[in-house]
Every structure is written in structure tokens, then in C-alpha cells.
Amino acid sequence: MMRKSEKNFMSDNKKNRNWSIYSILFLISFGIVFSCNQTENVKSIFEKENLVAWCIVPFDSKNRSPDERAMMLNELGITSIAWDWRSKHLPLFEYEIEILRKSNIELKSVWFYVNASSENVIDNECEMILQSLEKTKTQTDLWVSFPESFFEGLSEEEKIKKGASTIGYINNRARKMNCTISLYNHGGWFGTPENMVKIIKAMNSTEIGLVYNFHHAHSQSTNFEKNINLMLPYLTTVNLNGMRKNGPKILPLGDGNMELEMMKTLKDSGFSGSIGILGHKDDEDVKISLQKNLDGMKKLLEQMGDESTLKSYN
């Protein structure tokens, strides 16, 4: 016959086991809910608020002023711009910065093209950019690129050394103003992902980023996944474009037959930076160019089945 103390002991054990089971079930259910909430809070890289308008200053048949450009971006619901330019735009750069601030548009980056013919490391136009950024206390990212002639006649080792030295100088100038720099693939030797990464590694730097452009990468499209994985530790922005293997170079999103799979690959890679959409057509109103890309993005998101992200465009 079981003693009373033994009965109580077994009863307590049973209660403890029940509580343990309830606790485990509660924690599991809480974890599932927490996990779902976390997933819901993770925004897609293709959300509209993550878009950057690129190649919209010189590429505009309307030749908009800074005020008109900011108004256009507000009308399209685009909140960030990468500022490209020609010589005629530089005198108004400081004014444009002021207008962008008043219009709540982020100056995400500025085009910074190193002129191979300049006797100095950077030419007068790039100096004007640095002076304007410093004067206006603007913190942004410089998108640095080189013409093919910059590396002409050099061995592979010499190209890497010259690139690293020049980029190091620009980076030091930028850091003094709390700006950053990212290497920009613009074709040629420097525009190859392997070579941009080699330069960064030669600098032994964790400060330098990379910008990758679909429209400068048609010849690299078959190795897209490999290239993205190679650049991923440094990648800050990817500028999209409609893609067909043999061109044309500039095509609205959704009009190509390759960009959908490339965008899926980019998303699956874990990339978490910004997404650029292009103007880049001399003979077209840039508002129309951007709208075509916004419409194309919606089309591609539908094909991807990404209804959540699609809602950000409504």
C-alpha cells in the first residue's frame, strides 16, 4: 500500500510535468508568433522607400531646375537621389542640396569621376564637389569611377596599386567631411567585380563600398550570382535596369528577359542595401523614364509573388 507521502510526491511530480509541458508549449507558440512578427517587420530591398533615383540630372529632355527636379521626385514618391552631373550643373550644386533638404529628399550619393588627364589626383570639378559638400556640411557617399585610360599600359599589379593609392587619397579626403566612398562599375578593367574587390583588399580597408550597375554588366550577366556573392561584403547599392543579353544598354524594368531572375538572386543573397532605378535617356522626360521603371518594378514584384512589397507602391 502506497504511503500518503509517496502519493503526494507522485502527485507533485505529475503537476510539475504538466507545468513543464504547458511551459514548453507556451514558449513554442510564443516563438512562432515572435518569429512571424519578426518576418513581417523585415522589409524587402525592393520596397519603394528603399529606391534611389539615378541618372536623372543630365538625362532629362525637360532640363529641370533643382526646384523642378525635387518637385518631380516628390510627385513620384521617391525620397532619395544619387546626384550625377555635367559641368554646367556644378555651380548650382549647393543650391540643389538646399532644395533637397527642404523637400525631404536624401542626397544618397554623388557621382565622382576621376579624370585621367588631370595632373592632380582629382580635377577641378571633383574639387568643386568636395568644397560644396564641406561648405554645406553634407554627409553622403561618393560613387568613384575611372576611365579605362587611367590604367592604360600598366601591369595587373600596377593597376591595383595605382587604383588603391588614388582611392585611398579620395577616401581620406571624404572621411574628413564624414563622407564615405563606394567604387562604381563603369565598364573596362576597373568595372569588373574581381578587380574592384582586389583593390579594396589591397587597401586592407573596411570603409570602402561597392555600387553595382545592371546596365554596365551585360557581359557579366551569366556570372551574376558569383559576382554578387563576391561583392556582397562591400555592396551598398545595386542599380537596376531591364536586361537582355545583347542589349539595348538602357531598358525599362520589366521589358527585359533577365532582370527578374537577377533580382531574385539579389534578394536571396541577403543583400540589404539600396536599390537604384534609372533615368539615363537623353531624349525622354526623366519623369516618364522613372515612371516606366516604377511600373516595371510593380510588374516584376507581381511575377515574384511579393504582394507585401507591392503594397508599398500603391
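Is Phe-151 buried or exposed, at 2% relative accessibility? Phe-151 counts as buried, a term for residues under 20% relative accessible area, with exposed meaning over 50% and partly exposed in between (1.4 Å probe, protein chains only). The model is predicted, so local features need pLDDT of at least 70 and side-chain atom pairs count only at pLDDT 80 or more, while totals for chains, interfaces and linings use all residues. Residues are numbered from 1 along each chain as its sequence is written, and side-chain values use heavy atoms, without hydrogens and water.

A search of the whole structure finds 15 aromatic pairs. Rings of Phe, Tyr and Trp (its six-membered ring) pair if their centres lie within 6.5 Å; planes under 30 degrees apart count as stacked, over 60 as edge-to-face and the rest as tilted. Trp-54 and Trp-143 are edge-to-face, with centres 4.9 Å apart and planes at 75°. Trp-54 belongs to strand E1 (residues 51-54) and Trp-143 to strand E4 (residues 141-145), so the pair ties together parts 89 residues apart in sequence. Strands (E, at least two residues) and helices (H or I, at least four) are DSSP runs, numbered from the N terminus. Trp-54 is buried, at 1% relative accessible area. Trp-143 is buried too, at 0%. Phe-146 and Phe-151 also pair edge-to-face, at 5.5 Å centre to centre and 65° between the planes. Phe-146 is buried, with a relative accessible area of 2%. Ring pairs link Trp-54, Trp-111, Tyr-113, Trp-143 and Tyr-184 into a cluster.

In helix H7 (residues 224-231), the buried residues are Phe-224, Asn-227, Ile-228 and Met-231. The face turned away from the buried side of H7 carries exposed Glu-225 and Lys-226.
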